[in-house]
Amino acid sequence: MEVGAASRADVLRQSRGLTARDAEVISYLARHQVLTALQLARLVFGSYSHARSRLAVLHERGVLARFRHDIWPGSQPWRYALGPVGAVVHAAATGVALPRPATVTETVLRLAHSAHTEHRLGVNDFFATLAGHARHAPECALDEWWPESEIGETCAGIVRPDAFGKYTDHDHTLSFFYEHDTGTETIETLVEKVGKYAELADAGLRKPTLFQLPSTSRERNFHVALAQRWPHKAPVPVATLPSDQLAAPGFHIAPASPSIVDALWLPVGHTRRRALADLAPRTTQLTTHLDAA
């Protein structure tokens, strides 16, 4: 793990010359905690090579910290988080208390060794992929992306989604809750989550819920379990996507096809897969505070 500069006396010097794009990088990491170079390239930069070059500079200046684990064969891409300089710059820009360097280092250490970090990166990859697609597709946009910490508070403790998003593709706008399943939870736990989303809908916040699952077989088992729990109709709109049907990841801003925007989504209770945009409700929904945010 490489944390970088830690002295408060270095902050002013190291923060000179930061660009508007650097400020975007800092903002994304402050909100979403950890991102890879490819994810940041899709969110902020015009190319992967440019992103890697600039992120290396920001790391050397202590704006960013980075870590990765040894794997064999090959090497794991760097995971980027805010470094001491970046954390102080963000705090100063947003009017919150300036963090101590030791506190920033502790945060990075926890990210580097937390079992939840790879799950968080999976969630972030979904939304970074949407952003990368939108940059190359006219009339497409990732309008909203709320992390778990923010959307969990909005859902009043009833359920804690992995994220909330709002995506526009031409005249289709889809506001949705997102669940990133890695296969570590039981199918029964996933079914219980759908029940919690039904409670949330009864409380007045009804949105489609998208589950990305690791395999087609797990997706099949999930649909069977949902049909057993609710034989006639699921209590809220749910659609699933199996990750093993996606194209192998590359290093381009626009994702390779088939990607998460393509016709890989299977709505519960249906047999035909649909494109992401086609999951948007056909009728106008009542505006919620999530839509107005």
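The protein carries 30 positive and 30 negative side chains, and the centres of the two sets lie 3 Å apart. Lys and Arg were counted as positive and Asp and Glu as negative, without His and the chain ends; the place of each charge was taken as NZ of Lys, CZ of Arg, CG of Asp or CD of Glu. The model is predicted, with local features requiring pLDDT of at least 70 and side-chain atom pairs pLDDT 80 or more, whereas totals for chains, interfaces and linings use all residues. Residues are numbered from 1 along each chain as its sequence is written, and side-chain values use heavy atoms, leaving out hydrogens and water.

The secondary structure consists of eleven helices and nine strands, defined as DSSP runs (H or I, at least four residues, for helices; E, at least two, for strands) and numbered from the N terminus. Along the principal axes, the C-alpha atoms fill a box of roughly 65 × 40 × 40 Å. Of the contacts (heavy atoms within 4.5 Å) with a separation of 6 or more, 65% join residues 24 or more positions apart.

Buried residues (under 20% relative accessible area, 1.4 Å probe, protein chains only) make up 51% of the 293 residues. In soluble globular proteins, nonpolar side chains tend to be buried together. A nonpolar core was defined as a set of buried Ala, Val, Leu, Ile, Met, Phe, Trp, Tyr and Cys residues joined through side-chain atoms within 4.5 Å. The largest such core has 51 residues, of which Leu64, Phe176, Leu210 and Leu276 touch the most other members. Helix α7 (residues 117-136) gives the most to this core, with seven residues. A second, separate core of 25 residues includes Phe177, Leu190, Tyr197 and Ala234.

Beyond four places in sequence, the contacts of Phe176 include Phe126, Phe127 and Leu130, as well as Pro208 and Leu210. Leu174 lies in strand β6 (residues 172-180) and, at 1% relative accessibility, counts as buried. With residues up to four places away left out, Leu174 touches, among others, Tyr167, Leu210, Leu276 and Leu279.

In helix α5 (residues 84-94), the buried residues include Pro84, Val85, Gly86 and Ala91.

Terms used
Buried means under 20% relative accessible area, exposed over 50%, partly exposed in between (1.4 Å probe, protein chains only).
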